[in-house]
Amino acid sequence: MSPSQYSLNPLTNELSYRALPGVREYVVHSDAQIWSITSIAFLTLCAIFSYVMRDIVYMRWVIGCALAAWVWIKFNTVKEESILAVRNVGVQVKTTYLSGRSVSQFIERSRVCDIIIHEAITMWQVKFYMAIITAKQDKMTVVFEHLLPPLNPTLITVYHGARSMIFSDTNP
Amino acid sequence: MGYFSPPPGIYLIWAYVPDEVLHSLGITYYPSRYWALAIPVWIMTLVWFVFISFMSINLMNTAPFDSFTCITDEHANVLTSAPSQKDHPEDYIPELHDIPISVVNAMLYQDEAEEGLSDQAFVEAHSMTHDAEEWPLFGNFSLGS
């Protein structure tokens, strides 16, 4: 099977998918970068401050903490999130950060009760999200938990695609 | 009209009338005038505290995205089969049910292949994809377990 058969095809400006017979993966990207304009501006500002206030000792600590906070934010920024559905095997939900680190969770087919789209309240708005109800677990598994893409077309496309892999016997 | 009940009047007299006048009237044992200012200020701050803490408690009690309380709780009367059509009077009002989340999803984000299904078949096709004992939404649901 040549590698080009499993390539990433874009659907919208944030959703893309990979497909094989019986396998489908949906990937939602965020447009976060390590060296964005605000990051470069912030770093130059830190450099200017550390030179201008080079005589004030405690400012080193302040600038050090600011730089450490910037590094921590960049390490915990989500680059992309994906859901991979394999027929009769299960579902994998993965989060990839800017540093290349990825956190994934696999749910086998026998434990998948349902894949739903639901809406819930965050601090100031109601957001749509997609969740997998798993057996023997006291909470659902939220897909695209950090990026929370919009309902249409992203969530609906992923909803139909993932359900056709998990809850049907024939190829769509 | 023209009648003021005692407490506000007493408060105003105590707060505004000068010391010498009250002493000349024989009233010497009363709380320090500091409290005439402190108590109203404290009440004003209490009002703002109540606004902010009310909103904060509401936000804290909001269930997170992955909790089952977003979908159902132990008081739900879940619909497991579509209501039967046998001999009811014309203005019969059926019993209230909660529709399970799978049926709601299927109705909202429906596949085109299912548009011709009857209500009964639709509910039965979507209400259970797993054994009842293992699916936490039917029967064995308990909050906080």
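Biologist: How far apart do the C-alpha centres of domain 1 and domain 2 of chain A lie?
Modeller: They lie 37 Å apart. Domain 1 of chain A covers 3-30 + 79-166 and domain 2 covers 37-75, with bounds from an automatic or database domain assignment. This is a predicted model, in which local features need pLDDT of at least 70, side-chain atom pairs count only at pLDDT 80 or more, and totals for chains, interfaces and linings use all residues. Residues are numbered from 1 along each chain as its sequence is written, chains are lettered from A and ligands numbered from 1 in the order in which they are written, and side-chain values use heavy atoms, with hydrogens and water left out.

Biologist: Which residues of chain A does UniProt list as "transmembrane region"?
Modeller: The unreviewed UniProt entry lists residues 32-52 of chain A; such annotations may be inferred rather than shown by experiment. Over that span chain A is 76% helix and 0% strand, helices being DSSP runs of H or I with at least four residues and strands runs of E with at least two.

Biologist: And which for chain B?
Modeller: For chain B, the unreviewed UniProt entry gives residues 34-57. That span is 100% helix, and its end C-alpha atoms lie 34 Å apart.

Biologist: Now the interface: how many residues of chain B are in contact with chain A?
Modeller: 22 residues of chain B are in contact with 31 residues of chain A, contact meaning heavy atoms within 4.5 Å. The buried area is about 2300 Å², that is, the accessible area (1.4 Å probe) lost when the two parts are put together, summed over both. B:Phe65, B:Asp66 and B:Tyr109 supply 35% of the area that chain B buries against chain A.

Biologist: What does B:Asp66 form a salt bridge with?
Modeller: Its partner is A:Lys139, with the closest N and O atoms 3.8 Å apart. The rule (a side-chain nitrogen of Lys or Arg within 4 Å of a carboxyl oxygen of Asp or Glu) finds one salt bridge across this interface.
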